[in-house]
Amino acid sequence: MQVKAIKTAPFKDQKPGTSGLRKKTSVFKTPGYLENFIQSIFDCMKEKRAIVLGGDGRYYNNEAIQTILKMAAANGIGKVLVGKGGILSTPAASCVIRKYGLSGGIILSASHNPGGPEGDFGVKFNIQNGGPAPEAVTEAIFRRSLEITEYKIIEGCGEIDIGKVGKSRLHQTEIEIFDPVSDYAALMEGLFDFERINGLLRSGFSMRFDAMNAVTGPYAEEIFERRLGAPSGTVINGTPLPDFGGRHPDPNLTYAKGLVDLMFSPGAPDLGAASDGDGDRNMILGKGIFVTPSDSLAVLAANADTVPGYKDGLKGVARSMPTSAAVDRVAETLHIPCYETPTGWKYFGNLLDADLVTLCGEESFGTGSIHIREKDGLWAVLFWLNILATRNKGVAEVVQGHWRRFGRNFYQRHDYEDLDQDTARLLIERLRNALPGLKNKVFNGYEIEAADEFSYEDPVEGGLITGQGIRIMLKGGARIVFRLSGTGTSGATLRIYLERYEKVPDLHIQEPKDALRGLVSAADWIARIKETLKRDEPTVIT
């Protein structure tokens, strides 16, 4: 067993996106590709005391863990904690980093992207606060990846057994295989009223949680079925599989269709929920109702006083810019600040660390709070269960009561996936150039009140972030947002966000597609979507 320095050459495409580096699995399996990126991370770490390592169980997860362990030992990392079997959800990784004061963590996941040999793989580095590395760190990692000439690795050792809990040593590094569920489950038990939720589940209340053959299966079975006493079978698709059972592990109306069909059927349970590949996203449904992520964040904020962990009130709330303004209205009523940030969970980190906000969320099915520094799928489901148990109402009653009090923000996101990158950039660039001349133009009864490209000044550090999406604000409070996503691994994804506020309760029962039909036409007129993309319909509507 010895430390070897292996000569290598830079790859030019290792710039992390909003949630780490994501590529096709075949790219990560290219000799030196994973090793270069991991070495770049280690070279940029200020402290190498201890890290946590694990992933969502997707194809290539365990092979990558073996490589990273050997590189960690070669690079002088003092200790590596590894989730048993290589399994570790993103929220649990953040929990462990914070609980044990680690130097950071490496999470192996491409989140909601498909897995398998033809699917996607990803590597994300989280820092000492438990959150995703901020832009200054990811830029440093990228710069290092462009100049790297060698990586360090231990050679002459066999595979490390990650299948059973225990400790061992590799060179001078301590390797600890730990139960990936227990610390996270204990944190949840400290935040929520498990006794009250248990009473709800024993009262005849029924729920179904779809783990989508991804990482949350073991967590959900432990928390819902064992600790809370839900019947066996409450968790479906609970075994993590390398290809997620051939499914796209994205909890939305398109990719969780089986759960959606169940919740809109005559025999629907009281609550339906799902989470994604690495466990940081959530979808909430009641009998015959889909709760948009924007509405979910607003409902959690308005009902936070029902949950023990938040009984002292909220310091503030934050949402990403494309997320609807539903939570803004709650913040105004509660007399607390509401921050609007760029897309990407890392932008919430400074606000949480500075104790400026307690809850935060994104329209892309991510919600979280001060308890960790990641969005958290199971946490959101538990929050809903706590609200339902305390209010003694169904999901639809809670949501409709919220609309009566605050009004309804009709909202949809239209995703055009796997676009030609040049074509997608052309559409955005043309929009950007058209911004000065859009004000006061009228289409379908909508008058454009303002149009700009969103920028954000960090209220904690003062840095300015630009180019975060094009906003078209319409008179009456409606708006359209255009943004290129940074989470795809092939082609480009154009996301179009449509939002219209309605105060009149009698109009809240409209279907979003009907309420937003005029905005869809306006968006096409403004950006010439069909003409430019040669697409009649979006790939996904949520």
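**An enclosed strand and its aromatic surroundings**

All 11 of the 11 residues of strand 26 (residues 492-502) are buried, so this strand is largely enclosed by the rest of the structure. Buried here means under 20% relative accessible area, with a 1.4 Å probe and protein chains only; strands (E, at least two residues) and helices (H or I, at least four) are DSSP runs numbered from the N terminus. The model is predicted, so local features need pLDDT of at least 70 and side-chain atom pairs count only at pLDDT 80 or more, while totals for chains, interfaces and linings use all residues. Residues are numbered from 1 along each chain as its sequence is written, and side-chain values use heavy atoms, leaving out hydrogens and water.

Strand 26 has two antiparallel partners to look at. Strand 19 (residues 408-419) pairs with strand 26 over 10 bridges, and Arg413 stands opposite Tyr497. Strand 25 (residues 479-484) pairs with strand 26 over 6 bridges, with Leu484 as the bridge partner of Leu494. Pairing requires at least two DSSP bridges between the strands.

Turning to the rings, the structure holds 14 aromatic pairs, counted for Phe, Tyr and Trp (its six-membered ring) when centres lie within 6.5 Å; planes under 30 degrees apart are stacked, over 60 edge-to-face and the rest tilted. Among them, Tyr184 and Tyr219 are edge-to-face, at 5.7 Å centre to centre and 90° between the planes. Tyr184 belongs to helix 6 (residues 182-191) and Tyr219 to helix 8 (residues 216-227), so the pair ties together parts 35 residues apart in sequence. Both Tyr184 and Tyr219 are buried.

How values were computed: Buried means under 20% relative accessible area, exposed over 50%, partly exposed in between (1.4 Å probe, protein chains only).
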